[in-house]
Amino acid sequence: VDDTRATLQYAVEELIRTNGPAAVATFVVHDKLKPKKGTIPPNVQIIVGEEVPDSWNCYPWDAAAYGRDIYAHEELARWCGKETTEKPGSKRMLAASTFAIGALVGTVVATVAMRLSRAT
């Protein structure tokens, strides 16, 4: 995440200082839409996956750190993203989360089975 750009600036400067590469490019998955404190030299290319609002990002791999399982995490993410008005923890929201994750697992299983059948 490119938040204030201070860490990214430090990393790029250290890379250039210690290795002296001919060219440098960096990739960030999410670039927060906010004023940046750090700067990147104009000859360094920045590739951005997506620009996002200046709010806290809680990624799926962080769920356990916040005391949630993946179902509760996805439920909270939909509520925070205003994809639903159902409050996290409601029975209706839990049912929707369970259905969505079940559908995803079903799709993965079907895809693997199809690829395996083609391989034989």
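What share of the 120 residues in the protein is buried? Buried residues make up 22% of them. The legends below describe a predicted model.

**Figure 1. Overall fold of the predicted model, with three helices and two strands.** Along the sequence, these elements follow the pattern α-β-β-α-α. Of the contacts between residues at least 6 apart in sequence, 37% join residues at least 24 apart.

**Figure 2. Confidence of the prediction along the protein, with a mean pLDDT of 81.** A pLDDT of 70 or more is reached by 72% of the residues. Among the elements, helix α1, which spans residues 6-19, has the highest mean pLDDT, at 95. The lowest mean, 58, belongs to helix α3, formed by residues 91-119.

Figure 3. When neighbours within four places in sequence are left aside, the residues in contact with Asp31 are Asp2, Arg5, Lys36, Val48, Glu50, Glu51 and Val52.

**Figure 4. The largest pocket, holding about 470 Å³ of space.** Its lining is formed by 18 residues, of which Trp56, Asn57, Cys58, Ala77 and Cys80 are the closest to the centre of the pocket. By class, nine of the lining residues are nonpolar, five are polar and four are charged. Helix α2, made up of residues 70-80, gives the most to this lining, with six residues.

Figure 5. At the N-terminal end, Asp69 caps helix α2. A side-chain oxygen of Asp69 lies 3.1 Å from the backbone nitrogen of Tyr71. Just after the helix, Lys82 takes a positive phi of about 60°. Within helix α2, the buried residues are His73, Glu75, Leu76 and Arg78. An α-helix has 3.6 residues a turn, so residues three or four places apart point the same way. Helix α2 is also the element that gives the most residues to the lining of the largest pocket.

Terms used: Residues numbered from 1 in each chain as written. Predicted model: local features only at pLDDT ≥ 70, side-chain atom pairs only at ≥ 80, totals over all residues. Heavy atoms only, no water. Contact = heavy atoms within 4.5 Å. 1 Å grid on protein atoms, 1.4 Å probe; cavity = no way out; pocket = protein on both sides within 12 Å on 5 of 7 lines; lining within 4 Å. Points joined across faces, edges and corners; volume = space filled by probe spheres on them. Helix = DSSP H or I, 4+ residues; strand = E, 2+ residues; numbered from the N terminus. Nonpolar A, V, L, I, M, F, W, Y, C, P; charged D, E, K, R; others polar. pLDDT = per-residue confidence, 0-100. Buried < 20%, exposed > 50% of the residue type's maximum accessible area, 1.4 Å probe, protein only. Polar contact = N/O pair within 3.5 Å; in protein donor to acceptor, adjacent residues only side chain to side chain.
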